[in-house]
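The points are meant to be read alongside the coordinates.

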Amino acid sequence: MSKTYYDPADLKKFGNITEWNEELGTKFFDYYNSVFKESALTAREKSLIALAVSHTEQCPYCIDAYTKDGLQRGITKEEMMEALHVGAAIKSGATLVHGVQMMNKVNKLDG
């Protein structure tokens, strides 16, 4: 299978989202670029966070972009993997804690 649903070339087209709604697209990119400016967190730290979130959101474009960005910022493969595990642990915990809702509902119905 040489073709995939996600075409890596589409990442380069991301800026085109402003074409069908310039006002909102521009606002998004202004916000996005502001978020990634160095402030309380370094650009390196933000890149590592973005990489972990990219995995929990399962965005192949973001994973590609922030893996490359992280490497360019000196993030090691060990740091990347550890960040990925932090994201996975939070995602797993968030899934499991919702089990309390199920347990509450079962207990109420069995009550």
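1. Angles under 35 degrees count as roughly parallel, over 145 as roughly antiparallel, 65 to 115 as roughly perpendicular and the rest as oblique. Helix H2 (residues 43-56) packs against helix H4 (residues 77-97) at an angle of about 50 degrees, with the axes 8 Å apart, and H2 and H4 are therefore oblique to each other. The contact (heavy atoms within 4.5 Å) involves, among others, Leu48, Leu51 and His55 of H2 and Met80, Ala83 and Leu84 of H4.

2. This is a predicted model, in which local features need pLDDT of at least 70 and side-chain atom pairs count only at pLDDT 80 or more, while totals for chains, interfaces and linings use all residues. Residues are numbered from 1 along each chain as its sequence is written, and side-chain values use heavy atoms, with hydrogens and water left out.

3. The pLDDT, which is the predictor's confidence in each residue from 0 to 100, averages 94 over the protein chain, and 98% of the residues score at least 70.

4. H2 also packs with helix H3 (residues 60-72), here at an angle of about 155 degrees and with the axes 9 Å apart, which makes H2 roughly antiparallel to H3. Leu51 and His55 are among the H2 residues in this contact, and the H3 side includes Ile63, Tyr66 and Asp69.

5. The UniProt record, in an unreviewed entry, lists residues 23-101 as "domain: Carboxymuconolactone decarboxylase-like"; over residues 23-101 the chain is 81% helix and 0% strand.

Note on methods
Axes are lines fitted to C-alpha atoms, for helices over the stretch in contact, and angles run from 0 to 180 degrees between N-to-C directions. Helices (H or I, at least four residues) and strands (E, at least two) are DSSP runs, numbered from the N terminus. UniProt positions are given in the numbering used here, feature names are shortened, and annotations may be inferred rather than shown by experiment.
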